[in-house]
Amino acid sequence: VIQLSGIRVLTGDPGEILSVPVNILGTSKVKLNSDRQDLDLPVRSGSAFSGIIIDSHLENGAALEQGTTVAEVNIVKSDGTTLVWLIRVGLETAEWSIDRPDMIGHVKHRSASFAVSDRRFVDDEPYLSHVYRGTWNWSNDSRIDRVQLNLRLDQAEFPDTHWVLSGVTLF
């Protein structure tokens with residue numbers, strides 16, 4: 001298998017499993033909040049990957065401090081072991097409206113890396129809304145059975161905060 005522009009190409013053994021980047025979330029956005037705190041995403045059995053990309057944003061998350069853990073991502077491997085990645089505010093995700101004029105100075109964290117930004121208006125004043133991208137690579141290709149996402153925010157302290165997922169891609 002060789003890798004070209006992020007896509008793996010099968011070059012030899014026809015019995016080898018071909019893995020290409022795959023969005024296992026599908027086309028719908030999913031909100032994790034006090035009503036739904038966990039999401040379990042099965043992966044086609046036997047698929048091998050070496051990383052994950054999560055595109056997401058926070059709604060009503062302005063009060064969250066930089067580095068606060070929002071969620072835990074468990075990568076369940078076919079051998080039964082689990083890789084764990086923590087999603088943190090201002091690093092892998094952030095408030096979608098961080099650049100809205102009425103939010104400037106009220107958000108307690110920085111932006112994360114942008115996946116997508118859209119131009120919007122409030123009172124005829126333009127601003128950008130954002131979806132953020134967190135990327136995590138592990139040391140070698142691993143056969144993955146499932147990805148489990150678990151909200152880790154204190155729901156008593158932040159009951160109206162939502163972590164909105166728009167893409168979960170294994171590569």
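**Salt bridges.** I began with the salt bridges, taking each as a side-chain nitrogen of Lys or Arg within 4 Å of a carboxyl oxygen of Asp or Glu, and I found that the structure holds 6 of them. I note that this is a predicted model, in which local features need pLDDT of at least 70 and side-chain atom pairs count only at pLDDT 80 or more, while totals for chains, interfaces and linings use all residues. Residues are numbered from 1 along each chain as its sequence is written, and side-chain values use heavy atoms, with hydrogens and water left out.

**Lys-31 and Glu-59.** I looked up this pair and found the two side chains joined in a salt bridge, at 2.9 Å from N to O. The pair links distant parts of the chain, since Lys-31 lies in strand β4 (residues 30-32) and Glu-59 in strand β6 (residues 48-59), 28 residues apart. For the element names I rely on DSSP runs numbered from the N terminus, with helices (H or I) of at least four residues and strands (E) of at least two. I also recorded that Lys-31 is partly exposed, because its relative accessibility is 39%; on this scale buried means under 20% relative accessible area, exposed over 50%, and partly exposed in between, with a 1.4 Å probe and protein chains only.

**Glu-72 and Arg-152.** Next I turned to the salt bridge between these side chains, which has an N to O distance of 3.8 Å. This pair too links distant parts of the chain, with Glu-72 in strand β7 (residues 69-77) and Arg-152 in the loop between β10 (125-151) and β11 (162-170), 80 residues apart.

**His-106.** I located His-106 in the loop between β8 (82-88) and β9 (114-122), and I listed this residue as exposed because its relative accessibility is 54%. The C-alpha atoms of His-106 and Ala-62 are separated by 6.7 Å, although the two residues are 44 apart along the chain.

**Nonpolar cores.** I then searched for sets of buried Ala, Val, Leu, Ile, Met, Phe, Trp, Tyr and Cys residues joined through side-chain atoms within 4.5 Å, which is what I call a nonpolar core. The largest has 30 residues, and Ile-52, Val-147, Leu-149 and Trp-163 are the ones that touch the most other members. Two or more residues come from each of β4, β5 (38-42), β6, β7, β8, β10 and β11, and β10 gives the most, with 5 residues. A second, separate core of 7 residues includes Ala-62, Ala-94, Ile-98 and Met-103.
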